[in-house]
Amino acid sequence: VVESTEITLNRVREIHERVNVVASPAAIDPAKTTSTRGLADQEIMNLPYEVPRDIRYALPLIPGIVQDATGQIHLNGAPTRQVLDQLDGFNITDPASGNFDARVPVDALRSVTVYGSRYPAQYGKASGGVLDLESGMGDDHYHFTGTDLIPSVSTNKSIHIGGWTPHGSFSGPIKKGRAWFLLAPEAEYDLELINELPPGADTNTRWRWGDLAKTQINLTPSNILTADFLANDFRANHAGLSRFNPVETTASLSESIYHFSAIDRAMLSNGLLAEYGVGFSRFHTAELPLGNATYVQTPGGTSGNYFQRAEARSERLQINGNLIAPTIRKWGTHELKVGTDLDHVADVESFNRHAISILREDGTLSRTVNFPGSPSLDQTNFETGAYAEDHWSVSHHLVLDPGIRLEWDRIVGGARVSPRVAASFIPTAEDNTKIVAGAGVYYDESNID
């Protein structure tokens, strides 16, 4: 007789242990001479700020940055037009106003870096600092994120959608191991109701939408092509509507921003890394009244049609190129970099204003305001710059960053020379003390507005 015994163990509890390994950068980096601060992707997504869809409202979390009442940022006290705003290496500042008006979706960003001082000769046209936005990219797996996908409902006067701010991202492979994409759409819908106005003439609808579309194609293992397309669009059908400004006195307001860039990076046979690209940006605003009737102001409100028709369009075409040499070992190590950038900017603005009549409380005419002529502006400029810089590690204790930049533009005329140098010195063997210093000449972009 053969006897067998079966033993069954029932699972009561499972214990898992997880260890997260996170890189911790050294408190003192001897190779760093620039003054930089920034936000990583997790901080951008998780830190609380007023408008979570607009990266401009997260920037005041970085020391040295202040945001004004119009949403513009100021770095170290500098006017906003003295700050260079970049997206993936291309200038996205409005060439006319100098403002940072582009809304870059936060779901698309990988990092935000702010250069406050001692930034190298690579960065021109900015004496206040540099804001560098870097977007992410998809991988060989599909990813989807979505936030605020369900609109809010309001019961003021009637049941309607009161506000809706959906945003998210979608990324993945076009061809695994070869090409990928990233889409980061965002939108906003607001319905403003004025209780004192009659039904049918009491609403101002505001629409805003945007998207950052990006793709990367590995043409060869040593040649990578990347392209971006950023689109912003805003519409308000009755801007300025209030109890004192009825529908006929309002204006149709529209704003749009379109930015395209493409950059190719190739590793050459001699070890040089070459990158060259082209970018184009267009900014357009329009303020259109609803008719041509005389605009009338009274102590109790306004009537007629808004008095001003305004339209502005600015553009920038930019071409960039850089060469990065392999490390040279001579009296330490050298990392040489040279490059050039060419920009053609244009600004076209037009205004047409008709008369304003101001009445007394009894309805009699107090005065009339007239605007003779129809002022307009049509200005273009061509700017070019070239630079050379070296990251020279003399030893573990001493690092030098010398560089020089040459700039020229048609409006100013003549070449402008921008020498720059920065140094980092660690006087002790324990690497617990670091002395950094720098000096340089920095010019701003010509104001064509």
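Which residue in S7 is the bridge partner of Leu 109? The legends below lead to the answer. This is a predicted model, in which local features need pLDDT of at least 70, side-chain atom pairs count only at pLDDT 80 or more, and totals for chains, interfaces and linings use all residues. Residues are numbered from 1 along each chain as its sequence is written, and side-chain values use heavy atoms, leaving out hydrogens and water.

**View 1. An open sheet of 5 strands.** The strand order is S1-S6-S7-S4-S5, with mixed pairing. Strands here are DSSP runs (E, at least two residues), numbered from the N terminus, and two of them pair if DSSP finds at least two bridges between them. S1 (35-40) and S5 (90-91) stand at the edges with a single partner strand each, so one side of each has no neighbour in the sheet.

**View 2. S6 beside S7.** These antiparallel strands are joined by 6 bridges. Here is our answer: Leu 109 has Ser 135 in S7 as its bridge partner.

**View 3. The largest nonpolar core.** Such a core is a set of buried Ala, Val, Leu, Ile, Met, Phe, Trp, Tyr and Cys residues joined through side-chain atoms within 4.5 Å; buried means under 20% relative accessible area (1.4 Å probe, protein chains only). Among its 29 residues, Val 112, Leu 131 and Leu 133 touch the most other members.

View 4. Leu 131 sits in strand S7 and is buried, with a relative accessible area of 2%. Beyond four places in sequence, its contacts (heavy atoms within 4.5 Å) include Leu 59, Ile 73, Phe 100 and Val 112.

Terms used: Buried means under 20% relative accessible area, exposed over 50%, partly exposed in between (1.4 Å probe, protein chains only). Helices (H or I, at least four residues) and strands (E, at least two) are DSSP runs, numbered from the N terminus.
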